[in-house]
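Let's take a friendly walk through this model together. Keep the viewer open and follow along as we go.

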Amino acid sequence: GTVIHFNNPKVQASLAANTFTITGHAENKQLTEMLPGILNQLGADSLTSLRRLAEALPKQASDGNAPIAEVEEEDDDVPDLVENFDEASKDEAN
């Protein structure tokens with residue numbers, strides 16, 4: 001799989017809005033490229049899951065089956081605004 005790796009990330013949070021931002025230089029990398037450096041950061045549950053995944057991969061390769069994860073079509077469209085949120089916020093003030 002592919003992951004987004006941030007080198008020296010900066011994190012900002014707005015707890016009231018439940019919003020977090022991560023900024024910095026980002027690179028798309030293969031998980032296999034990142035794996036040696038993150039193994040020591042994984043907990044016991046994650047290592048067990050990783051071991052199961054690693055055991056399943058050779059079976060898939062020998063069977064000729066496609067990988068388990070399928071790439072979904074990206075949907076970056078912003079939905080249309082269907083309600084008047086200003087009116088709803090006036091009701092909350094009362």
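Two strands pair if DSSP finds at least two bridges between them. Helices (H or I, at least four residues) and strands (E, at least two) are themselves DSSP runs, numbered from the N terminus. What you are viewing is a predicted model, in which local features need pLDDT of at least 70 and side-chain atom pairs count only at pLDDT 80 or more, while totals for chains, interfaces and linings use all residues. Residues are numbered from 1 along each chain as its sequence is written, and side-chain values use heavy atoms, with hydrogens and water left out.

Start with the overall plan. The protein has three helices and two strands, and from the N terminus on its elements run β-β-α-α-α. Contact means heavy atoms within 4.5 Å. Among contacts between residues at least 6 apart in sequence, 30% join residues at least 24 apart.

Now turn to the two strands. In what sense do β1 and β2 pair? Their pairing is antiparallel and runs over eleven bridges. Together they form a hairpin with four residues between them. Asn-18 is found in the loop between β1 and β2, and its phi is near 50°, a positive value in a residue other than glycine. Most residues other than glycine have a negative phi. Asn-18 also counts as exposed, at 63% relative accessibility. Asn-8 has a positive phi of about 55° although it is not a glycine, and with a relative accessible area of 56% it is exposed.

Val-11 sits in strand β1, which covers residues 2-14, and its bridge partner in β2 is Ile-22. Val-11, Leu-15, Phe-20 and Ile-22 form a nonpolar surface patch with about 460 Å² of accessible area together. Patches are made of residues with over 30% relative accessible area and no salt bridge, where like charges are joined within 9 Å and nonpolar side chains (Val, Leu, Ile, Met, Phe, Trp, Tyr) within 5 Å. Val-11 is exposed, with a relative accessible area of 58%, and Phe-20 is exposed as well, at 52%. Phe-20 lies in strand β2 and, leaving aside its neighbours within four places in sequence, is in contact with Gln-12, Ala-13 and Leu-15.

Finally, visit Lys-29 in strand β2, which spans residues 19-30. Val-3 stands opposite Lys-29. Is Lys-29 buried or exposed? Lys-29 is buried yet has no salt bridge, a term for a side-chain nitrogen of Lys or Arg within 4 Å of a carboxyl oxygen of Asp or Glu. The nearest side chain of opposite charge is Glu-27, 4.0 Å away; Lys and Arg count as positive and Asp and Glu as negative, while His and the chain ends are not counted. Apart from neighbours within four places in sequence, Lys-29 is in contact with Gly-1, Thr-2, Val-3, His-5 and Met-34.

Methods
Buried means under 20% relative accessible area, exposed over 50%, partly exposed in between (1.4 Å probe, protein chains only). Accessible areas come from the Shrake-Rupley method with a 1.4 Å probe; for residues, only the protein chains shown count as cover.
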